[in-house]
Amino acid sequence: MSEILSPARHDGAGVFIEPRNVDSWRVRAQKDVAYEVRFCEDVFDPRSTALLETGVPDSPRSLRRFVVIDSVIDNLHGERIRAWFDHHRVEAHLLVLEIDETVKTLDMLAQVAAEFDAFGIDRRREPIIVIGGGVIMDIVGLAANLYRRGTPFVRVPTTLIGLVDAGVGVKTGVNFNGHKNRLGTYFEKSLTLLDPSFLRTLDERHISNGMAEILKIAIVKDRDLFDVLSLSGPELIDRRFQNEDRSGRRAAAYVLEHAIHGMLKELQPNLWEADLERVVDYGHTFSPTVEMHALPALLHGEAVCIDMALTTVMAARRGLMTDSEMRLVLDVMRALRLPAWDDCLEPELLARALEDTRRHRDGQQRLPLPVGIGACTFVNDVTTDEITAALHQLRSLVSDGAPQESRA
């Protein structure tokens, strides 16, 4: 729905007459936003047609798709993926990229966009398909948003962090000028297909990396999910969420569904972040700076967990949670094989991180802190002295054998 408001006047007979000297118009428009996030077991089973549901099927040209795929996934699953496109008579052009956080840049964005142009994508008929983790989805999402001012794309996340975090929202982005995701957009996608079978070939560290974003939701929003992680998290990591017994399947499904539902419940009413007090920003105050400073030693979820460990200590020091609750959170981090410390942590670095986040949050800290386990509050009065004291306490807890330190 849209309307143009200008100084028109009514002639009394139902006719609007524009004055001759109009020098101002106000345009107001609304756009419905809808995209789907759906579990789809074994997307590339020849019997599955989920990837064919988007686009225009009656194109005068043969059915074509431009597919961007992470090189690791191509090595593991490329033959099966190509066979799926052949089976469905899809002319698929696969762009295979070697991707990690260090190449999440404008140069990579330009390379992807140039490949779009060379292929000659039909803007509405041929949605782009991206297969891989959060980094490649962010890059391709931004390129798709910019290409012809918006080309639909479909995501098939292949990592745990992609399934529960990067693959379900509307953010795109690349790193810029030493800052994480400094350039980006909000871009609703046509479809995200969540296929947990890809997790079978994910290494343990990347499973734990995704567990950090699940733990985030649990600590500040869902105590029941926290309890399931405490009880079943290590086994889920060991089995890559591929539990064969009934209780294991229930735990895997419960964790994935509750993490995704919790994330979407927070995102849906606030997709464009009009409200900057966001529960899902827990663990994301200091972590962007820490992650980029430590790059490539820390994965995204590991940096988030370090942020959560620090702010958990801060919450306990403020009396927002008990000492036993704080230690329980740190124990679960350790059980999930996540770090709570990195040697780059210094008060000066974290103070700069907080100042950068304050600018990102419109002049206020809006720092989420857990209240007990399962709830959250926001504070705006954190000082460098408080950060320093919390760092000393966290370091002491790590030295006493609480959560493990980060891995290079």
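Let's start with helix α9, which covers residues 300-317: its 18 residues reach 26 Å from the first C-alpha to the last, close to the 26 Å expected at 1.5 Å a residue. That expected span is 1.5 Å times one less than the number of residues. Helices here are DSSP runs (H or I, at least four residues) and strands are E runs of at least two, numbered from the N terminus.

This is a predicted model, in which local features need pLDDT of at least 70 and side-chain atom pairs count only at pLDDT 80 or more, while totals for chains, interfaces and linings use all residues. Residues are numbered from 1 along each chain, and side-chain values use heavy atoms, leaving out hydrogens and water.

Helix α9 is mostly covered, with 17 of its 18 residues buried (under 20% relative accessible area, with a 1.4 Å probe and protein chains only). Just after α9, Gly 319 takes a positive phi of about 80°.

Helix α9 also has a packing partner, α5 (residues 204-221), at an angle of about 40° and with the axes 8 Å apart. The contact (heavy atoms within 4.5 Å) is made by these residues:

| Helix | Residues in the contact |
|---|---|
| α5 | Arg 205, Asn 209, Ala 212, Glu 213, Leu 215, Lys 216, Ile 219 |
| α9 | His 300, Gly 301, Glu 302, Val 304, Cys 305, Met 308 |

Elsewhere, Gln 365 sits in the loop between α11 (347-360) and β14 (367-370). Gln 365 is buried, with a relative accessible area of 11%. Leaving aside neighbours within four places in sequence, Gln 365 is in contact with Leu 354, Arg 358, Val 379, Asn 380, Asp 381 and Val 382.

Note on methods. Buried means under 20% relative accessible area, exposed over 50%, partly exposed in between (1.4 Å probe, protein chains only). Axes are lines fitted to C-alpha atoms, for helices over the stretch in contact, and angles run from 0 to 180 degrees between N-to-C directions.
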